[in-house]
Amino acid sequence: MKFVDEYRDPGQARRLAAAIAETATQPWTLMEVCGGQTHAIMKFGIDQLLPKDVTLLHGPGCPVCVTPALAIDQAIALAEQNDVVLCTFGDMIRVPGSGQSLSTAKARGGDVRIVYSPLDALALAEATPNKEIVFFAIGFETTAPTTAMAAFEAQRRSVQNFSLLVSHVRVPPALDALLTTEGPKIDAFLAAGHVCAIMGLSEYEPICARHGVPIVATGFEPVDILEGVLMCVRQLEADRAEVENQYARAVRHKGNGAAQELISAVFEVADQEWRGIGELAASGLRLRETFRAYNAAKKFALAPVADVRSETPCISGDVLRGVKRPNDCPAFGKACSPERPLGATMVSSEGACAAYYRYARKNIPA
Amino acid sequence: MCLAVPGELLEVDNVDALPMGRVSFGGVVKEICLAYTPEAKTGDYVLAHAGFAISILDKCEATQRMEAFTADDPSGGQT
């Protein structure tokens, strides 16, 4: 077992799709939370395997897409300082802030580098003592422990020329908000399996109980997603609302204790702005005071950058909340493409617009 | 971004007091930090994200689930 091919077996997928069709007796709308799941759904045509009564909405789980434009503007301002090397993940480079992106800053001479891991940025700091290395840390709970380790190790090794521009977000408050605020009806969630691998399942139980909505921690391969859908539909048809685990090979009920411990040691929960969605209470992580020396915003006394966004037809905020689909946008595939993106959802490898564009699903009825 | 890729742990080592491992992703080998999966041993499959193993994949659970799928299928998984 290599944990990939087994979960892409067309026979298994067809059998699960048939079981879903047999189980569903009425229309149900499910939201897959993670953009990685959205891409798998489009890539493997999973939505086309489902009976027409079972609809998938695409959720806000694209960290690059929800990173506020102003945080990108701050990263650009840092990258344009002479002594600074700005490191981040590859997905982040082409996302426009209020105006420009990090790739335009790089073209203008800013030192912007893509790293695979936050530890690579820390290693660069140790190897380049005459430069200030800033890691632009974005991502959900899956990524937060990797940033936490970089901060912890920087402190342990007394690396002075390393700091973090943090824009980490937490999934549960976003699910709560989607169910509380006006928007599309969501009958059940496919929760993001890798976030659950870190945080476990207990955070979802109060949301499930409060809103009466099934939540199933789900993996990323076609068989995983179809099984997650089947588990949701079985609950809905039986009038149950529980937290279940489809992705048990990777997700333990308590999650990853060592990772949770370091997240808590380095970060505290804070209110956070989500691009396209707005500010959500307790939905972000910020560095604790004990890690102040590694907080780039404080180290460089970053002022909030003025929002100079111009008029745009981009509907990425509505796409992130499942209110609209990418092909509802007048600019989709015309003024907006992965080469010339108007919004983050068209840039990121997890953005719903990029998934629709890449897998040539331009004519999916909305 | 939150994508994590399964890979086979080939070798465990310590670098600068951090537990690290060489992990093969279908033949491509990368250095992965094992601080969050300290119990991982050679031959285990780990899920790696941004240079860190975030979970050890449970072969037993995965095999049982696959067998349950096949048992539910009248063709015995031959379709």
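The crossing of helix H1 and helix H12 in chain A is left-handed. Helix H1 of chain A covers residues 10–23, and helix H12 of chain A covers residues 222–237. Their axes lie 9 Å apart, and the packing angle is about 15 degrees. Angles under 35 degrees count as roughly parallel, and H1(A) is therefore roughly parallel to H12(A).

Which residues make this contact? On the side of H1(A), they are A:Gln12, A:Ala13, A:Leu16, A:Ala17, A:Ala19, A:Ile20 and A:Thr23. From H12(A), the contributors include A:Pro222, A:Val223, A:Leu226, A:Val229, A:Leu230 and A:Val233, and also A:Glu227, A:Arg234 and A:Glu237. Sorted by class, the residues of this contact comprise eleven nonpolar, two polar and three charged.

Helix H7 of chain A, residues 118–127, packs against helix H8 of chain A, residues 144–156. Here the axes are 8 Å apart and the angle is about 25 degrees, so H7(A) is also roughly parallel to H8(A). In H7(A), the residues involved are A:Pro118, A:Leu119, A:Ala121 and A:Leu122. They meet residues of H8(A), among them A:Met149, A:Ala150 and A:Glu153. This contact has seven nonpolar residues, two polar and one charged.

We come now to the sheet. In what order do the five strands of the open sheet in chain A stand? The order is E2-E1-E7-E8-E9, and the pairing is parallel. Strand E2, residues 54–61, and strand E9, residues 243–245, each have a single partner strand, so one side of each is left without a neighbour in the sheet. On average, neighbouring strands of this sheet are turned by 25 degrees against each other, direction ignored.

Finally, a word on confidence. The model scores ipTM 0.92 and pTM 0.93. Chain B has an average pLDDT of 88, and 85% of its residues score at least 70. Where in chain B is confidence lowest, and where is it highest? The lowest mean, 80, belongs to helix H1 of chain B, residues 59–72, and the highest, 98, to strand E5 of chain B, residues 52–56. Where pLDDT is low, predicted coordinates should not be read in detail.

Technical notes
Residues are numbered from 1 along each chain as its sequence is written. Chains are lettered from A and ligands numbered from 1 in the order in which they are written. This is a predicted model: local features need pLDDT of at least 70, side-chain atom pairs count only at pLDDT 80 or more; totals for chains, interfaces and linings use all residues. Two strands pair if DSSP finds at least two bridges between them. Helices (H or I, at least four residues) and strands (E, at least two) are DSSP runs, numbered from the N terminus. Axes are lines fitted to C-alpha atoms, for helices over the stretch in contact, and angles run from 0 to 180 degrees between N-to-C directions. Angles under 35 degrees count as roughly parallel, over 145 as roughly antiparallel, 65 to 115 as roughly perpendicular and the rest as oblique. A crossing is left-handed if the near helix is turned anticlockwise from the far one by less than a right angle, and right-handed if clockwise. Two residues are in contact if their C-beta atoms, placed from the backbone, lie within 7 Å. Ala, Val, Leu, Ile, Met, Phe, Trp, Tyr, Cys and Pro count as nonpolar, Asp, Glu, Lys and Arg as charged, and the others, Gly among them, as polar. pLDDT is the predictor's confidence in each residue, from 0 to 100.
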